[in-house]
Amino acid sequence: MGLKPIVIERGKDVSNRRKDLGLLHREHIVNPDSNYCFGEGGAGTYSDGKLYTRSKKRGDLNRVLDILIEHGAQLDIRVDAHPHIGTNKLPKIIANMRKTILESGGEVLFDTRVEDILIKSGKAVGVVDQNGNAIEAVSIVLATGHSARDIFYLLHAKGLELEAKAFAMGVRVEHPQPIIDKLQYHCEGPRDKNLPSAPYSAVEQINGRGVYSFCMCPGGFIVPAATAQEELVINGMSTSTRDSRYANSGVVVEIELEDLKPYEKHGVFAGLEYQKYLENAAWNAGGRTQTAPAQRIVDFTEGKMSSELNDCSYIPGIQSSPMHEWLPKHIGKRLRKVFKAFDQKMKGYYYTNEAQIVGVESRTSSPIKIPRDATTLQHPQCEGLYPSGEGGGYAGGIVSAAIDGEKVAEAIAKNLN
Ligand SMILES: Cc1cc2nc3c(=O)[nH]c(=O)nc-3n(C[C@H](O)[C@H](O)[C@H](O)COP(=O)(O)OP(=O)(O)OC[C@H]3O[C@@H](n4cnc5c(N)ncnc54)[C@H](O)[C@@H]3O)c2cc1C
């Protein structure tokens, strides 16, 4: 299209980012610019790399898969019903994509955090980084993800409209993988060696809200996904072989705008404040480090502190906590009902003290939407500013974020002509 994009990234390139993830695991140090959410490739780089999307109608899924394959993803993602890349393969693919951007005349700036947006006569004309350097541009794609709270605050301070949106929060549940294999493959002993670690998905309506499994990682690991000190956020991922001893999945409760009444004084930030409250509560319950609070499923449902915990894939460690006491009622009460309900559909395998919950799974999607014009895709109050991806509320995963990114790039080319 003849455009020369500058990718502005607050975090580090994939290799240096990995070192910060090591520090997070071993020393519990959260680097606010380099972590599981921030750094080259975004939240998808050290993720599971599941490539399914419910938004197939929004764009060309196969085109996204082909771009991933061109940059090193395995061919089978083009034919698998549930394509998956794996956290071990993604960083190399992302580094190859950087090479393509550079070879095509683009630029990539690392360690460069956008702290301001330059607006002249209602038009975005550039950004300013943390060192006060201005970077001029004819259009700005704002694709900063669901965890860049500073960007939401910045837009609000500049008088640009934001909207609160529904989202979901809960916990991550971890079972020994053989339990899920037995459930899905009906095998008594270990699963057949030709079969992959089995996944599951489950959804229930509990007291008027959906409660559902989210980002299930068969043969995976639970990881610390906080982006600041004094918060604890967890997520899940797996390698391409999905061969850990554990099966983990988020189990989250829908949070509608009407559930945010206690936070309404925060206006459009009500959901974000609720998220912050829960993440800080988890951090306190875990012992004010990245050690996560945990409780066995039956103990949690029966309202008993777990006297002991099971082995867990979460490297910073877990600590027994009465999560039935401190999880907000809106979430805790529904979770205490849902595990038995899931168990009924999963033939008595799910509800067992061999499984435990680990808290909290709070970043399933953005609690805020950045509005944009349906045709030009620009913010209604700011020409040249294009909200995109998960942070703006236009995507919910790797593939839908990619599809939305392409859509925005095409809109820019069209609007500039
Ligand atoms: C552990 C984990 C596992 C996941 N597993 C899956 C999965 O298997 N499948 C799936 O579909 N999705 C998964 N996700 C979700 C998926 O990664 C996101 O939906 C997707 O990455 C969203 O893409 P995005 O481009 O909109 O935003 P992001 O990927 O969040 O990218 C935002 C980028 O903006 C940068 N940034 C933020 N603020 C600034 C600033 N002020 N200045 C400069 N740069 C900034 C960040 O560093 C980041 O690189 C997972 C997420 C995590 C954390």
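Helix α2 (residues 61–70) has Leu61, Val64, Leu65, Leu68 and Ile69 as its buried residues, where buried means under 20% relative accessible area with a 1.4 Å probe and protein chains only; helices are DSSP runs of H or I, at least four residues, numbered from the N terminus. Looking down the axis of α2, these buried residues fall within an arc of 140°, so they line one face of the helix; the arc is taken from the directions from the helix axis to the C-beta atoms. The model is a predicted one, with local features needing pLDDT of at least 70 and side-chain atom pairs counting only at pLDDT 80 or more, while totals for chains, interfaces and linings use all residues. Numbering starts from 1 along each chain as its sequence is written, and side-chain values use heavy atoms, leaving out hydrogens and water.

What do the buried residues of α2 pack against? Their partners are α3 (90–103) and α11 (398–416). On the α11 side, Leu61, Arg63, Val64 and Ile67 of α2 meet Val399, Ala402, Ile403 and Glu406, contact being heavy atoms within 4.5 Å. After α2 comes Gly72, with a positive phi near 120°.

Elsewhere, the largest nonpolar core holds 50 residues, and Val173, Val251, Trp326, Leu327, Leu335, Phe339 and Tyr350 have the most contacts inside it. Such a core is a set of buried Ala, Val, Leu, Ile, Met, Phe, Trp, Tyr and Cys residues joined through side-chain atoms within 4.5 Å. Helix α6 (residues 270–285) gives the most to this core, namely 7 residues. Another core, of 22 residues, lies apart from it, with Ile117, Leu160, Leu272 and Cys382 among them.

Note on methods: Helix = DSSP H or I, 4+ residues; strand = E, 2+ residues; numbered from the N terminus.
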